[in-house]
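Please read the following account alongside the sequence and the coordinates, which are shown first.

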Amino acid sequence: GQDGLNEEGLRNNFVIIYELLDEMMDFGFPQTTEQKILAEYITQEGHRLEKQPQLPQSATNVVSWRSEGIVHRKNEIFLDVVETLNLLVNSAGQVLHSEIIGVIKMKSFLSGMPELKLGLNDKLMFKASGRNFSKGKAVEMEDIKFHQCVRLFKASGRNFSKGKAVEMEDIKFHQCVRLTRFENDRTISFIPPDGEFELMSYRLNTNVKPLIWVEAVVEPYKSSRIEYKIKARSQFKSRSIANNVEILIPVPCDVDSPSFKASIGTVTYVPDKDAIVWSIKQFYGAREYLMMAHFGLPSTSDPSDMSWKKPAQVTFEIPYFTVSG
């Protein structure tokens with residue numbers, strides 16, 4: 001629920017939780033974990049069955065994550081690639097840390113037992129195997145960790161001379177993926193669960209320039225006031241738009257009398273975070289915006305105290321845009 005997991009929720013749903021754990025575990029080993037399949041086992045309190053409950057066919061099926069006989073009036077499937085960029089830049093503009101966390105999400109509304117195939121442009125272990133990427137760009141990944149279900153393969157020395165490729169770390173597949181096929185030709189072949197599910201997740205360690213560059217100039221005036229001049233510049237193509245941009249700038253904890261002036265968006269002072277938040281609903285590519293903030297300072301403030309000087313934070317979303325390419 002919206003309140004998350006808590007003690008009261010556990011007490012109120014103890015019977016259902018106990019029944020779930022009883023079905024999920026067998027002699028201490030996890031068995032069935034698919035939500036839609038577990039829903040076939042569980043009966044609500046006070047519900048009487050007219051006939052003896054039977055084991056769902058999917059529990060004894062090879063495809064335990066999908067029930068047989070599914071029918072949809074319209075066959076549809078949707079795929080979304082969601083990438084989160086974590087970037088740390090110092091005051092000199094040097095990138096200290098850069099990583100991409102990616103998730104491939106799918107919504108499947110297909111009848112029967114469909115078999116789907118999905119190709120990736122990854123370059124996992126290709127360099128070690130002597131595979132050739134003579135064109136395009138590639139990024140390498142380190143510290144790769146697989147789930148125990150993945151069989152590590154020996155590369156076959158294939159030639160990928162065209163296109164661009166990326167190397168992915170920490171790859172995690174949904175249980176529906178046929179790992180043998182992935183080992184052989186890097187094709188993701190699977191029979192999807194019905195409805196929404198996460199097909200795979202991955203991580204990339206690659207140098208990426210900041211998509212929104214922020215410069216801050218702070219000018220204190222003899223412990224009486226302090227001014228901020230903030231410049232934000234988008235460094236992606238003009239056809240893309242960053243939505244729900246929030247730029248958080250730390251300020252001293254004892255400031256007062258805030259006043260702001262921005263060329264776009266709204267600026268608010270958030271005392272709980274000791275920061276000002278510059279919110280921009282839509283930030284177009286190849287644009288630059290300015291914001292100025294003015295605060296008063298108490299006469300007792302210590303000008304040598306710089307503990308409030310922390311990194312600025314920028315969060316945003318860019319639809320139809322993947323950082324890894």
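**Pocket, sheet and single residues**

By class, the residues that line the largest pocket comprise 26 nonpolar, seven polar and six charged ones, where Ala, Val, Leu, Ile, Met, Phe, Trp, Tyr, Cys and Pro count as nonpolar, Asp, Glu, Lys and Arg as charged, and the others, Gly among them, as polar. The model is a predicted one, in which local features need pLDDT of at least 70 and side-chain atom pairs count only at pLDDT 80 or more, while totals for chains, interfaces and linings use all residues. Residues are numbered from 1 along each chain as its sequence is written, and side-chain values use heavy atoms, with hydrogens and water left out.

The volume of the largest pocket is about 1400 Å³, taken as the space filled by probe spheres set on grid points that are joined across faces, edges and corners. A pocket is here an open set of points on a 1 Å grid over the protein atoms alone, where a 1.4 Å probe fits, with protein on both sides within 12 Å along at least five of seven lines, and its lining residues have an atom within 4 Å of a point. Among the 39 lining residues, L87, I212, A312, Q313 and V314 are the closest to the centre of the largest pocket. Two or more residues of this lining come from each of β3 (76-89), β9 (212-221), β11 (241-250) and β16 (313-317), strands being DSSP runs of E with at least two residues, numbered from the N terminus. The largest share, ten residues, is given by β3.

Strands β11 and β16 also belong to an open sheet of four strands, with the order β13-β14-β11-β16 and antiparallel pairing; two strands pair if DSSP finds at least two bridges between them. Its edge strands, β13 and β16, each pair on one side only. Between β13 and β14 there are five bridges in the antiparallel sense, and Y269 has I276 of β14 as its bridge partner.

D274 lies in the loop between β13 (266-270) and β14 (275-284), and its phi is positive, about 50°, although D274 is not a glycine. Most residues other than glycine have a negative phi. S257, in strand β12 (residues 256-262), likewise has a positive phi, near 50°.

Which of these residues counts as exposed? S257 does, at 55% relative accessibility, because exposed means over 50%, buried under 20%, and partly exposed in between (1.4 Å probe, protein chains only). Leaving aside residues up to four places away in sequence, S201 touches G102, V103, D170, I171 and K172, contact meaning heavy atoms within 4.5 Å.
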